[in-house]
Amino acid sequence: MSDSGHVHVRGDSRGDLHITVHGRVQGVGFRESMVLEAIERGVAGWVRNRLEGSVEAVLRGSPNACADVLRWAHRGPLAARVERVEVRTASAEESELVRGSFRRLETF
């Protein structure tokens with residue numbers, strides 16, 4: 001996210017995005033809320049908690065739809081306190097976990 005609050009997603013629908021969300025993001029309904037946000041926008045992928053306290057996700061969809069989910073991830077659900085969001089291109093291994101719709105994976 002840029003300083004102006006705009007999210008820029010480059011590439012086409014074949015490029016999966018990997019995001020890691022830091023802050024108070026576990027135990028606040030972040031994963032469940034992200035599943036709903038992604039499905040509503042037609043974004044495939046997955047989300048899971050990390051043992052060190054962050055939440056990670058892979059997004060696959062149109063650049064606009066992924067940007068909407070990414071914008072939401074900077075806020076999260078009401079009880080969350082997002083400190084920062086890291087965004088990069090997903091690895092082949094991470095992309096292989098995408099199955100159809102958007103789903104929640106076990107903690108990693």
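These are my notebook entries on a predicted model of a protein chain.

**Entry 1: ground rules**

I number residues from 1 along each chain as its sequence is written, and my side-chain values use heavy atoms, with hydrogens and water left out. Since I am reading a predicted model, local features need pLDDT of at least 70 and side-chain atom pairs count only at pLDDT 80 or more, while totals for chains, interfaces and linings use all residues.

**Entry 2: confidence**

I looked up pLDDT, the predictor's confidence in each residue, from 0 to 100. The mean for the protein chain is 89, and 87% of its residues reach 70 or more. Over residues 1-13 the pLDDT is below 50, and I find 20 contacts in the model for this stretch beyond near neighbours in sequence. Contact here means heavy atoms within 4.5 Å.

**Entry 3: the fold in outline**

I get three helices and five strands in the protein chain. Helices (H or I, at least four residues) and strands (E, at least two) are DSSP runs, numbered from the N terminus. Along the sequence I read the pattern β-α-β-β-α-β-α-β. Of the 108 residues, 45% count as buried, where buried means under 20% relative accessible area, exposed over 50%, and partly exposed in between (1.4 Å probe, protein chains only). Among contacts between residues at least 6 apart in sequence, 76% join residues at least 24 apart.

**Entry 4: the sheet**

In what order do the five strands form the sheet? I read β4-β1-β3-β2-β5, an open sheet with mixed pairing. Two strands pair if DSSP finds at least two bridges between them. Each edge strand, β4 and β5 (102-104), pairs on one side only. From one strand to the next the twist averages 15 degrees.

Next I went through the pairings:

- β1 and β4 run antiparallel and are joined by eight bridges; Leucine 17 stands opposite threonine 89 in β4.
- β1 and β3 also run antiparallel, with five bridges; valine 21 has valine 55 in β3 as its bridge partner.
- β2 (residues 44-49) and β3 pair in the antiparallel sense over six bridges; valine 47 has alanine 57 in β3 as its bridge partner.

I also checked the cover on β1: six of its eight residues are buried, so this strand is mostly covered.

**Entry 5: helices on the sheet**

α1 packs on the sheet and touches β1, β2, β3, β4 and β5. Its direction makes about 170 degrees with that of β5; axes are lines fitted to C-alpha atoms, for helices over the stretch in contact, and angles run from 0 to 180 degrees between N-to-C directions. The buried residues of α1 are Phe30, Arg31, Met34, Val35, Glu37 and Ala38, and their cover includes α2 as well as β1, β2, β3, β4 and β5. Just after α1, I noted a positive phi of about 75 degrees at glycine 42.

In α2 the buried residues are Ala65, Cys66, Ala67, Val69, Leu70, Trp72 and Ala73. What covers them includes β1, α1, β3 and β4.

**Entry 6: nonpolar cores**

A nonpolar core is a set of buried Ala, Val, Leu, Ile, Met, Phe, Trp, Tyr and Cys residues joined through side-chain atoms within 4.5 Å. The largest has 23 residues, and those with the most contacts inside it are Ile19, Phe30, Met34, Val43 and Phe102. β1 (17-24), α1 (30-40), β3 (55-60) and α2 each supply at least two residues of this core, with the largest share, six residues, from α2. Another core, of six residues, lies apart from it and includes Ala44, Trp46, Val98 and Leu105.

Alanine 80 sits in the loop between α2 (63-73) and β4 (81-89). Is alanine 80 buried or exposed? It is buried, because its relative accessible area is 5%. Not counting residues up to four places away in sequence, alanine 80 touches Arg24, Val28, Phe30 and Arg75. Its C-alpha atom is separated by 7.1 Å from that of phenylalanine 30, 50 residues apart along the chain. With neighbours within four places left aside, the contacts of phenylalanine 30 include Val21, Val55, Trp72, Pro77 and Val82.

**Entry 7: glutamate 94**

I found glutamate 94 in helix α3 (residues 92-96). Glutamate 94 is buried, because its relative accessible area is 12%. Which side chain makes a polar contact with that of glutamate 94? I find arginine 88, at 2.6 Å. A polar contact is a pair of N or O atoms within 3.5 Å; within protein, one must be able to donate a hydrogen and the other to accept it, and residues adjacent in sequence count only if both atoms are side-chain atoms. Leaving aside neighbours within four places in sequence, glutamate 94 is also in contact with His18, Trp46 and Val58, among others.
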